[in-house]
Amino acid sequence: MNMDERIARINALYHKSKAEGLTEAEKEEQAKLRKEYVASIRNNLRSQLDNLVIEKPDGSVVDLGKKYGENRAGQKPEAEKTDGKGSEERTSGEKEPGADEKHGQA
């Protein structure tokens, strides 16, 4: 079953569930198809991200696939590895501990 057929079947099962309900076998099929679909999307996205290359303003090039591709092996990504001094580099969305106190916010 190709992806278009899976999506069509997921949609058909959804509409049937709203109209008349699903049997236990259909519920299991729906859950299995949804899980396969999500896994496919994740794999496609991961593949695209592994092939991303960023050129910084200074002209240096960062291959994100080489830098972060090791995540699949269960290792920490490069941005989260410690620097050997007990501190960790933070990604863009993380706050420094105590950052709220520094700015007078509690």
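Guide: Patches here are built from residues with over 30% relative accessible area and no salt bridge, with like charges joined within 9 Å and nonpolar side chains (Val, Leu, Ile, Met, Phe, Trp, Tyr) within 5 Å. A salt bridge means a side-chain nitrogen of Lys or Arg within 4 Å of a carboxyl oxygen of Asp or Glu. This is a predicted model, where local features need pLDDT of at least 70, side-chain atom pairs count only at pLDDT 80 or more, and totals for chains, interfaces and linings use all residues. Residues are numbered from 1 along each chain as its sequence is written, and side-chain values use heavy atoms, leaving out hydrogens and water.

Visitor: Which residues form the nonpolar patch on the surface?

Guide: Ile-7, Tyr-37, Val-38 and Ile-41, with about 290 Å² of accessible area together (Shrake-Rupley method, 1.4 Å probe, only the protein chains shown counting as cover for residues).

Visitor: Where does the largest share come from?

Guide: Helix α2, residues 24–50, gives 3 residues. Helices are DSSP runs (H or I, at least four residues), numbered from the N terminus.

Visitor: And Tyr-37, how exposed?

Guide: Tyr-37, in helix α2, is partly exposed because its relative accessible area is 31% (buried is under 20%, exposed over 50%, partly exposed in between; 1.4 Å probe, protein chains only).

Visitor: Switching topic: what's the average pLDDT of the protein chain?

Guide: The average is 76, and 65% of the residues score at least 70. pLDDT is the predictor's confidence in each residue, from 0 to 100.

Visitor: Which helix has the lowest mean?

Guide: Helix α4 (residues 99–102), at 48, while helix α1 (residues 3–19) has the highest, 95.

Technical notes: Helices (H or I, at least four residues) and strands (E, at least two) are DSSP runs, numbered from the N terminus.
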